[in-house]
Amino acid sequence: MFVGWFTFMWKRKLAHLETSTSLHLFLWQAYHMILYPFPLSNLSKNHELFHPFTPGKFAGNVNTLSQSKAQVHDLRFGSKKSQFKLGNTDCVKASSSALLELVPEIKKENLDFELPMFDPSRGLVVDLVVVGGGPSGLAVAQQVSEAGLTVCSIDPSPKLIWPNNYGVWVDEFEAMDLLDCLDTTWSSAVVYIDEKSTKNLNRPYARVNRKQLKTKMLQKCIANGVKFHQAKVIKVIHEESKSLLICNDGVTIQATLVLDATGFSRSLVQYDKPYNPGYQVAYGILAEVEEHPFDVDKMLFMDWRDSHLKNNLEIKERNSKIPTFLYAMPFSSTRIFLEETSLVARPGLKFEDIQERMVCRLKHLGIKVKSIEEDERCVIPMGGPLPVLPQRVLGIGGTAGMVHPSTGYMMARTLAAAPVVAKSIIRYLNNEKAPFGDELSAGIWRELWPIERRRQREFFCFGMDILLKLDLEGTRRFFDAFFDLEPRYWHGFLSSRLFLPELVTFGLSLFAHANNTCRVEIMAKGTLPLATMIGNLVQDRD
């Protein structure tokens, strides 16, 4: 009944966009429809979402390889050749294969210092076991151990340097005192909407120094007394006051709390709803080239131009329906990271498709690849349901649904969430009167996913649902309006700093900046997602 009422009211207001006066009235009424989705006369305590208050005022792109059950693509690095079918674009596919021939064999690089290993023979019950040695897992381990609690980190390759390129906005890492973990910084970024429109973003961007970041985190963990176990957790058995983690090497480790930081594999954290996210899929290369046309003082955030496809009508047609953009980090005039990316699609695009588009783009730009240092294949699930809240195993990062549903960003968001999780764990475990078992975990989950964060994520999922329905021209119109907003709005949206009241204002501002075609498209394709969002907000109450 609610969805039907909302859809009827929304379409009814759609008819009043003829004049600027009715447009302003529409925006004001839309604001109230979101804050108060029922007629004011029908509001009661059961229907009241929240009281509006004065609004206050892409986080780093995480190119993550995972073995998620939901993934259907081969995510391995290396020189595996794509199996192309013959067709009208044989020359493009042959070029794609030629590009892949330049990909080097896998070179796994490990940090060259010793880790203090966990001794299972002592039979100790540690305060916290962190499963997974990624950035967010190590951040929590570091901060919990700093408070004097016992921590064990379990990972199959604890010294392996993370293989992916992480890009972040500089202000995000500055806020976390991690500027020393950036290896290249660009003073600004640029977005190409099409051949005629360009957006210059005056916000410094940087690539994370993966080796430095992991070294810094591991050294702090070691100094704080964290122990490490090189294995994979295959099963967790929960008892009343502790949990038993069974590893694939036969070792059992006991812990008061378990934190799953394994990424998108969702190996320990449980979900009870159908998992049907959108997928961001990207293929990237760190390459030595003869030359490239990009300004080395600016990073290329998005390039939506499609002139490189004018002679390949089959690929051009595919791209017009589900577009991809180029993301590039120019380190010098001859060394550059290039990544062709599908922002979000359901199902996700195939790597072969993305590689074909990249080859066409590089040829059109006159970029001749001399050698490839590394290649990168990533699939990032976006949106979908949150895990069961609460549950006995704690989670952070991809396994806890913390990927930005509209952008795929996660690194800065999860690193910023690490202190929230750590402080909650410390406070509970240092309190002699604190609960244990399920009740203990429930309290920490509440602080990781408070109502305002859940509402924020619901809005981001609404944004993803609209992006899923936009073709190339619609996507261009959307980002043309998006990057015309006041910086506080697009900064806050990409960095997960806006909460629902501010997001409503952001949405209305975006609508006001959009052209009429984009407005009609947003309303036509966003009506049902908006109704779904509001319905979920009504149901989700503390």
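**View 1. Helix α4 packs into its surroundings.** The buried residues of α4 pack against β2 (125-131), β3 (151-154), α6 (210-223), β9 (227-229), β12 (252-260) and α9 (411-429), where contact means heavy atoms within 4.5 Å. Helices (H or I, at least four residues) and strands (E, at least two) are DSSP runs, numbered from the N terminus. Please keep in mind that this is a predicted model, in which local features need pLDDT of at least 70, side-chain atom pairs count only at pLDDT 80 or more, and totals for chains, interfaces and linings use all residues. Residues are numbered from 1 along each chain as its sequence is written, and side-chain values use heavy atoms, with hydrogens and water left out.

**View 2. Helix α4 from end to end.** Because 10 of its 12 residues are buried, α4 is largely enclosed by the rest of the structure; buried means under 20% relative accessible area (1.4 Å probe, protein chains only). Among these buried residues are Pro135, Gly137, Leu138 and Val144. After α4 comes Gly148, with a positive phi near 90°.

**View 3. Helices α11 and α15 side by side.** The axes of α11 (residues 451-469) and α15 (residues 516-539), lines fitted to C-alpha atoms over the stretch in contact, come within 9 Å and cross at roughly 155°. The two helices are therefore roughly antiparallel (angles over 145 degrees between N-to-C directions). On the α11 side, the residues that meet α15 include Phe459, Phe462 and Ile466, and their partners in α15 include Ile522, Leu530 and Met533.

Methods:
Buried means under 20% relative accessible area, exposed over 50%, partly exposed in between (1.4 Å probe, protein chains only). Axes are lines fitted to C-alpha atoms, for helices over the stretch in contact, and angles run from 0 to 180 degrees between N-to-C directions. Angles under 35 degrees count as roughly parallel, over 145 as roughly antiparallel, 65 to 115 as roughly perpendicular and the rest as oblique.
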